[in-house]
Amino acid sequence: MSALLASPTPGVEILDPVRALQHALYRSAKADPGRRFHALYDKVHRRDVLQRAWWLVRRNEGAPGIDQITIADVEEYGVTRLLDELAAELGAGRFRPLPARRVFIPKPGSAEQRPLSIPAVRDRVVQAAVKIVIEPIFEADFLPCSHGFRPKRSAHDALQVLIDESFAGRQWMVETDVANCFEAIPHSGLMSAVEERVSDRRLLGLLRAFLRAGVMHEGTVRRAVTGTPQGGVVSPLLANVYLHRLDRAWRGAYGTLVRYADDLVVMCRSHGQAVAALARVTSLLADLGLQPKQAKTRIVQLADGGEGVDFLGFHHRLVHSRAAHGTKQITYLARWPSLKAMQHARDRIRFMTMRARLAAPVEQVVHEMNLFLRGWAGYFRYGNSAYAFDKIRNYAVMRLALFLAKRHQRPSAWGFAQVYRSRDTFGLISLNGIVAAPRPNRAWRAPVERRR
């Protein structure tokens with residue numbers, strides 16, 4: 001990202017001081033891989049850094065912490081007033097984070113529940129400020145195999161590696177993820193990884209304070225010696241800092257590693273290499289005090305007509321191309337929304353059109369469905385997803401028709417008639433023509449889209 005901003009005066013650019021700080025830290029870290037930064041804490045409570053941190057927290061919204069103070073409450077109290085108080089507390093060394101509020105949310109397509117920790121808004125602002133300052137330093141070290149929760153990287157970058165590697169002949173895949181990763185990372189090992197680059201004692205103390213703040217569930221505060229609670233602003237970065245040790249110890253002889261946070265796959269050329277890669281992953285995780293989740297760990301051969309693999313919401317499988325007259329048929333790795341992703345979409349659409357919402361205006365229901373469908377299709381459009389999109393669109397039409405019929409206490413056939421007589425299906429968006437199938441060794445996003 002550029003450190004320059006548009007100026008109100010045409011032809012004149014002004015420097016964004018926060019971006020300039022990040023660029024300076026990144027360049028310094030990149031130029032000297034052995035450097036440890038000792039003067040960072042004063043940058044965390046810089047007023048412009050805290051202002052940027054507030055903007056990031058405000059943009060993500062989110063629920064209140066244990067103090068029950070919401071984003072709206074802060075705005076009513078006064079953002080400037082809060083940031084001034086935080087700057088003063090941090091500067092004087094008086095800032096103390098509250099325990100995070102523990103909630104459990106269902107995992108899509110699963111009966112399992114994921115623990116989520118929600119820090120107080122003021123703590124989220126300070127965490128965001130810490131992330132602004134230290135992320136460029138660690139970004140200078142992170143390797144290309146790491147894709148999750150990183151600036152200018154996305155899940156589709158990781159997915160493109162699978163396409164490229166399978167096309168190059170690596171069609172044995174090790175798939176796994178780290179069991180209970182965010183809860184299992186040992187604090188001692190994590191702080192040791194941070195200290196490889198940061199020597200500022202006050203900043204290290206602030207990070208330890210966040211780790212030791214613990215979580216509150218049903219009125220009880222639990223302070224563990226492991227875990228960087230999932231839901232904290234800085235937690236994904238800290239998880240990447242710790243798992244960077246796995247990336248760094250990896251060797252290409254075991255295959256091509258692709259890691260997205262705690263989900264990872266290894267693309268291999270043979271079954272023997274895949275077995276060695278799985279043993280290597282298990283060993284490296286054990287050295288970090290972690291272990292692979294057994295239920296999600298397996299070796300799969302991406303054979304024509306064989307089983308596929310689910311990774312980052314997509315189902316991946318080798319298929320034959322449709323050979324036109326005079327052309328050679330090729331086998332390639334295709335992907336489309338996984339069964340879990342499809343079920344998640346149906347569940348969301350069913351929730352938005354359930355009987356309990358019959359009092360809601362039809363325009364509001366359609367608007368909410370469109371918001372979800374745009375986001376869902378925006379992610380899955382980069383795949384061979386046309387058939388899946390047709391199924392989800394048809395399901396949305398069906399649910400809308402049933403909603404109309406129930407709302408007007410008419411037979412379902414009446415609801416379908418109203419939908420199909422409507423010139424634009426009551427404004428429900430179409431998912432036709434938006435699929436961009438990936439190709440080996442080509443950028444997954446078109447150049448025109450990249451410039452936007």
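Modeller: R58, E61 and E75 are linked in a network of salt bridges. A salt bridge here is a side-chain nitrogen of Lys or Arg within 4 Å of a carboxyl oxygen of Asp or Glu. This is a predicted model: local features need pLDDT of at least 70, side-chain atom pairs count only at pLDDT 80 or more, and totals for chains, interfaces and linings use all residues. Residues are numbered from 1 along each chain as its sequence is written, and side-chain values use heavy atoms, with hydrogens and water left out.

Colleague: How many salt bridges does that rule give?

Modeller: The count comes to 22.

Colleague: Which residue does R81 pair with?

Modeller: R81 meets E85, at 3.8 Å from N to O. They sit four residues apart in helix α5 (residues 79–92), so about one helical turn separates them. Helices are DSSP runs of H or I with at least four residues, strands are E runs of at least two, and both are numbered from the N terminus.

Colleague: Okay, new topic. Which residues have the most contacts inside the largest nonpolar core?

Modeller: L40, V194, L203 and L206. That core has 74 residues. A nonpolar core is a set of buried Ala, Val, Leu, Ile, Met, Phe, Trp, Tyr and Cys residues joined through side-chain atoms within 4.5 Å. Its largest share, 11 residues, comes from helix α6 (residues 121–139). Another core of 49 residues lies apart from it, including L302 and F380.

Colleague: What does V194 touch, beyond its neighbours within four places in sequence?

Modeller: V194 is in contact with F138, L204, L207, L238 and V241. Contact means heavy atoms within 4.5 Å.

Colleague: Last thing. What is the strand order in the open sheet of three strands?

Modeller: The order is β11-β12-β13, with antiparallel pairing. Two strands pair if DSSP finds at least two bridges between them.

Colleague: Why is one side of β11 and of β13 left without a neighbour in the sheet?

Modeller: Because β11 (309–311) and β13 (331–337) stand at the edges, each with a single partner strand.

Colleague: How many bridges join β11 and β12?

Modeller: Three, in the antiparallel sense. D310 stands opposite H315 in β12.

Conventions. Buried < 20%, exposed > 50% of the residue type's maximum accessible area, 1.4 Å probe, protein only.
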